[in-house]
Amino acid sequence: MNWNKSIWLAAALFTASIHVQAQDNLINSLKGNVSDNSKEGFKFTEVINLGNTSIKDQGSSGTCWSYSGNSFLESEMIRMGKQPVEISPIFTARNTYIEKAKNFVRLHGDQAQGDGGQLHDVLTIFRQYGAVPREVYTGLQPGQARNNFSEMGPLLQGITETVAKSKKPSSNWLKAFTAAMDAYLGETPESFQYKNKTYTPRTFADEVIGINPDDYVGISSFDEHAYYKPFVLLIPDNWSFERFYNVQMNDLTDIIDNALQNGYTVAWATDVSEKSFSWKNGVAYVPETPVEQMTKEQVENMFNGPKAEPTISAAQRQEAFDNYSTTDDHGMHIVGLVKDQNGKEYYIVKNSWGESNDYKGYMYATKEYVRYKTISILLHKKALTKNMQSKLSL
């Protein structure tokens, strides 16, 4: 097979029209969910605020899972008493795309593609490829300030789809795939200097970051699976068919609370497509009245101060997942807890959309929202109570 021709055909096919990243669409769709005086309506009192690194901007790329997952690892370094390193999310994403492409071809194209991934992919790549500092591998071309995968993503997809349709794939296709990423993101370093010492991605991961991927556990909650047993989470971006431990719905927030109280942050994958999730205002909650049934005045005041919430059941949570009301949209990082003026608790959530909202890159999510809309969480096993560890046989 002529791989130069294949790449050219894929490029011609996919760059002939404008491709808008799903993540850009998501952010743009949330711009309408705003109130002008929201920040004045909330009086948050900090309860827990754990160490975390600076807010990042994932740009026009669906790499939230890599940004939030690596932010989580950076906080783990702080928790362990280490000087935190800003880890390259693009190094993680690039190597995830390689592993995802292998799976896609082996499954004859019957799998989702795109920029998406899961929080555990950060650990998978850490284990297999290591890690590098953000300053060493940004994926940015000269003159480029933000990552933009709008051209690269469709091109990569064109390559793998061409290979998957082949009767007998060539052994060279992966070289073409990685060469395309090199053209857009640059080649990954075999070795590099950091604080006057030479490292490889492997030695940097082991000696500087120093986490053990086996110390972490993914958890979710769905009524249709046996509780406290592992199951495969059936969402498109779980391309590696990773298993998660299934807990009861109220366990989700109990687990997060225990983790925060003991100094552990939590990586969080969730649905953010709700009209009660406002990035601009930095608040997410479950409205007592469905938005579709609200008056114009109620809609205009959705984020102007605390609002009452219903109590969500496990059956409602499962139904929302099954009817696509709850979708796997976004990965973020839970770093603390606050109370509003009425005493209600909200989690402090670190995002990767820059500092463009009312809280300079952070937001506040109610516990009811987290119970209702969480896809999964990732945390250290020791952040679980002894009782929960026993239930999960960890």
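Colleague: Which residues gather in a patch of negative charge on the surface?

Modeller: The model is a predicted one. In it, the negative surface patch is formed by Asp223, Glu224, Glu319 and Asp322. Asp and Glu are counted as negative.

Colleague: Why does Asp322 count as partly exposed?

Modeller: Its relative accessibility is 46%. Buried requires under 20% and exposed over 50%, with partly exposed in between, so Asp322 at 46% counts as partly exposed. Asp322 belongs to helix α12, residues 314-322.

Colleague: What makes Lys56 buried?

Modeller: The relative accessible area of Lys56 is 11%. The cut-off for buried is under 20%, so Lys56 is buried. Lys56 sits in the loop between β1 (45-49) and α4 (64-79).

Colleague: What makes a polar contact with the side chain of Lys56?

Modeller: The side chain of Glu86 does, at 3.3 Å. A polar contact needs a pair of N or O atoms within 3.5 Å, and the Lys56 pair is at 3.3 Å, so the label applies.

Colleague: Why is Lys373 called buried?

Modeller: Lys373 has a relative accessible area of 2%. Under 20% is buried, so Lys373 gets that label. Lys373 is part of helix α13, residues 367-373. Its side chain makes a polar contact with the side chain of Glu274, at 2.9 Å.

Colleague: Why is α10 described as largely enclosed by the rest of the structure?

Modeller: Of the 13 residues of α10, 10 are buried, so the helix is largely enclosed. The buried residues include Met249, Leu252, Ile255, Ile256 and Leu260. Asp251, Asp257 and Asn258 are also among them.

Colleague: Is Gln261 buried or exposed?

Modeller: Gln261, in helix α10 (residues 249-261), is exposed, with a relative accessible area of 59%. Exposed means over 50%, so 59% qualifies. Just after α10, Gly263 has a positive phi of about 90°.

Colleague: Which residues make the nonpolar surface patch?

Modeller: Leu107, Val232, Leu234 and Phe241 make it, and its area is about 370 Å². A residue needs over 30% relative accessible area to be in a patch. Phe241 has 46%, so it passes that cut-off and is partly exposed. Phe241 lies in the loop between β5 (230-232) and β6 (243-246).

Conventions. Residues numbered from 1 in each chain as written. Predicted model: local features only at pLDDT ≥ 70, side-chain atom pairs only at ≥ 80, totals over all residues. Heavy atoms only, no water. Patch = residues over 30% accessible without salt bridge, like charges linked within 9 Å, V, L, I, M, F, W, Y side chains within 5 Å. Areas by Shrake-Rupley, 256 points an atom, 1.4 Å probe, with all protein chains shown as cover. Salt bridge = Lys/Arg side-chain N within 4 Å of Asp/Glu carboxyl O. Charge placed at Lys NZ, Arg CZ, Asp CG, Glu CD. Helix = DSSP H or I, 4+ residues; strand = E, 2+ residues; numbered from the N terminus. Buried < 20%, exposed > 50% of the residue type's maximum accessible area, 1.4 Å probe, protein only. Polar contact = N/O pair within 3.5 Å; in protein donor to acceptor, adjacent residues only side chain to side chain.
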